[in-house]
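The sequence and structure come first.

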Amino acid sequence: MPSVAPRVHASFRGIGLSGSLAAGALVSAFRLMATAMAVAAFAATTGCGNDGARSRFGSLPEAGTDSGRASLDGALPPPVNVPDSGIGEPGEWGGACVDDGQCDDALDCTHDACDRNLGRCHFVSDDTVCDDGAYCNGAERCIAGIGCRPGEPVACSDGTACTVDACVEATRTCTHTARDADGDGDPDGNCPDGGDCNDQSPDVSSRHVEVCGNSVDDDCDGSVDETDCAAPSYDVCATPLEVNGSGSFSLSSAAAKGDYKASCLDPTRAFRDLVVAVVVPDGAPQDVDVAVTTTSGDVALAQVEQCGDASSERSCAKGFVAPGATRVARTVLRALAPGAHALYVFSSADAHLVLTVEYRDASPEPANETCGTSSTLEPGTPVVARLAGTSVDTKSACGDSAGDLVYEFSLDAPRDVRVVATAQDLYGLPLLSLRGEPCTTDASELTCSESTSAVVFRRALSPGRYFVVVGGSGPSDVLVTLETSAPTTPPPDESCTGAPALEPSRTIDVSLDAHEDDVQFGCLDGAVDAAYALTLPRPSDVLLVESISNADFGAVSLAAPECARGQAPLACGASDTTPVRALSRNVDAGEYRVIVETEEGSPVSVTAFVRDAAPEIVVPFSDACDGAADIPPGGARLSGNTANAADDFTASCDVGGASGSPDQILHLHLDAASRVILDARGSAYPVVVDVRAGAECPGEEVPFGCSAGYVQGRSFLDLSLSAGDYWVQIDGYSSAFGSWILETFVTPR
């Protein structure tokens, strides 16, 4: 069990069991003190953050079996059988002792120590050990004598029936979506900001056009069939759009109805349809490549042998999200004989649609659909992989594909291998997967990449047979090029083996040029990476901070020295917003690896901030200067709640609201010039952190000392401060308030 030095209230320092204070009075005093602290701590309990701490519930990959933890299902288990002194909360204080080795309550979430002043075992609860890494299920707590218990799930209700409220784990936020029962994009007209006068019909809303001649108020303006109504075009088989050559066609789904069905339509959405007659002139059969795009709603395409007969469907192409937030559906009508062929164009909204049609000579379907039918990829010879209409043969760690084709190449000697894939259209992002034999298994994937110009690189690849799976986020045409060259020497920070040392609190610049993706444990697979060794002489809290370049997506993680594939890291942070952070608390002494990686391989910087491991400090009051809570000299995790605090101060970076927010005040004293990190990630609301300097509170705001959390997790400060006193204001952006977490790291410069 971890042990901590006993912390005794100043009023009792130096007073042992034989002191002048009577035993009864001492016990009573401790009861009152412990009860007050417990009530304050309970009132200030905050939502738990995903800081990379090892789960005690087995929900994270690295979790093991903890014999002392409590079950999260059913009733509380019986308390651990530890003699209780009658002081404080049940289970908090144990029997007589003279050293720490005599104190063990068999619970993993407590720090066990002998309080030598009282001669009693003291079991200090540490809620962070119980943290399961999830936000929406609430903050887990460690209860003395019991162990880990689940928290109250995050309550997202905003008290109105006009929204659908949900807790989103990915963003650690509550969402309040306007109620829209028919899914037409227009909220119910009985609610604020809603205009739908019939929320049971997707063909009626304030965003719909008025349809002529149907005696329905389609646009919810109180009138029926007014003069500016719209008549549907190409809505049924009898009146199709006739296409007889390559080109682009502008269509509108406004006023169209949902007359037909298709197998690939999302059953939760209401679709309307248009009909196209694809006419092939006399002569040889032709392929016709058809794509439909829109910026509103979803789309799909379906080919049928007989218009109006759902059973004659030949193919159906669902829509995908394309770059730029457009939606695209694409299909290739192969070897069409001369004559007219029916095609349905589906849309889920009244939208402007662009139909792009290309006629070309008939060709067979791609033969390289699977690993077993792969085509040869020759070095230096580009090929075009047409993904429209293909199925998915493999799964990649870099993401899901709309469809893929498989190529292969062989090496008879070690070679550096680079494969580049570039989209020839705007229908999706290329996805590359470099694989060994047998190709189809997850373990065969050596590396992968998904980007506008996807690149995979492998240094000194051994002789053998390899596969390149070319996919995409949409039905694109992708230009693929294989390049091989003589083996090169890897940079010193290329792999976890022999990684150079990273000194705590020292920021280093990292060039990812000539690096490959050789660390793959799920933090950001498919991104080039670099590795550094971090040595911890004692149990520590570690905060990793990575600054990334613009238009890149980065990740930083803390892992075991072997960086084994599939072995979950101790901490992982990934984002397209700088700085990227990853936190792991109470990490055992030993050697670890810090991994930095980005999708585009742009330059980054990284810092490992380290402090001695310690329990979280709950700040129950600190509503004004006279009660400011102290930040320990080396930093700590502090938490509080501004819900019951007053609005005492303003912050220069709170530009979101004029009415202000309730705030709490912390005090930091620096004996020497220091680098100070303040990170409010994990708080339940957009936190403003404002740092002021001065011997008297509240002092004057320091330059660049205010950080506004426009969304949860954005508040972050990295400051170089001179010796002196500082006052840290915990506020809210745009009048927000709630429970907060502040990670602080203080390192002398």
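## Ser540

Is Ser540 buried or exposed? Ser540 is buried, since its relative accessible area is 2%. Here buried means under 20% relative accessible area, exposed means over 50%, and partly exposed lies in between, with a 1.4 Å probe and protein chains only. The model is a predicted one, in which local features need pLDDT of at least 70 and side-chain atom pairs count only at pLDDT 80 or more, while totals for chains, interfaces and linings use all residues. Residues are numbered from 1 along each chain as its sequence is written, and side-chain values use heavy atoms, with hydrogens and water left out.

Ser540 belongs to strand 29 (residues 540-547). Helices (H or I, at least four residues) and strands (E, at least two) are DSSP runs, numbered from the N terminus. From its side chain, Ser540 reaches the backbone oxygen of Arg538 at 2.7 Å. Such a polar contact is a pair of N or O atoms within 3.5 Å; within protein, one must be able to donate a hydrogen and the other to accept it, and residues adjacent in sequence count only if both atoms are side-chain atoms. With neighbours within four places in sequence set aside, the residues in contact with Ser540 (heavy atoms within 4.5 Å) are Ser584, Arg585, Asn586, Val587, Val610, Arg611, Asp612 and Ala613.

## Disulfides

The whole structure holds 17 disulfides, a disulfide being a pair of cysteine sulfur atoms within 2.5 Å. One of them joins Cys130 and Cys148, with the sulfur atoms 2.1 Å apart. This link of Cys130 and Cys148 is left-handed, at -85 degrees about the S-S bond. Cys130 sits in helix 2 (residues 127-130) and Cys148 in strand 5 (residues 147-149), so the pair ties together parts that are 18 residues apart in sequence. Cys130 is buried at 0% relative accessibility, and Cys148 is buried at 3%.

A disulfide also links Cys156 and Cys174, with an S to S distance of 2.1 Å. The link of Cys156 and Cys174 is left-handed, at -70 degrees about the S-S bond. Because Cys156 lies in the loop between strand 5 and strand 6 (163-168) and Cys174 in strand 7 (residues 173-178), the pair ties together parts that are 18 residues apart in sequence. Cys156 is buried, with a relative accessible area of 10%, whereas Cys174 is partly exposed at 27%.

Between Cys496 and Cys563 the S to S distance is 1.8 Å. Their link is left-handed, with -85 degrees about the S-S bond. This pair connects distant parts of the chain, 67 residues apart: Cys496 is in the loop between strand 26 (477-485) and strand 27 (508-510), and Cys563 is in the loop between strand 30 (554-559) and strand 31 (571-575). Both Cys496 and Cys563 are buried.

## Nonpolar core

Which residues of the largest nonpolar core touch the most other members? They are Leu666, Val689, Val691, Val728, Ile730, Trp740 and Leu742, out of 25 residues in that core. The elements giving two or more residues to this core are strand 38 (664-670), strand 39 (674-679), strand 40 (687-693), strand 42 (716-721), strand 43 (724-732) and strand 44 (739-748). A nonpolar core is a set of buried Ala, Val, Leu, Ile, Met, Phe, Trp, Tyr and Cys residues joined through side-chain atoms within 4.5 Å. In soluble globular proteins, nonpolar side chains tend to be buried together.

## Ala423

Ala423 is part of strand 21 (residues 415-423). Its C-alpha atom is separated by 6.0 Å from that of Asp477, 54 residues apart along the chain. Leaving out neighbours within four places in sequence, Ala423 is in contact with Gly428, Pro430, Thr452 and Asp477.

## Backbone geometry

Most residues other than glycine have a negative phi, and most peptide bonds are trans. The peptide bond joining Glu437 and Pro438 is cis, with omega about 10 degrees; Pro438 lies in the loop between strand 22 (430-435) and strand 23 (445-450). A cis bond also runs from Thr578 to Pro579, where omega is near 0 degrees. Pro579 is placed in the loop between strand 31 and strand 32 (580-587).

Ala106 is not a glycine but has a positive phi, near 65 degrees. Ala106 is in the loop between strand 1 (93-96) and strand 2 (110-115) and is partly exposed, with a relative accessible area of 42%. Ala514 also has a positive phi, about 65 degrees. Ala514 lies in the loop between strand 27 and strand 28 (528-536) and is partly exposed at 46% relative accessibility.
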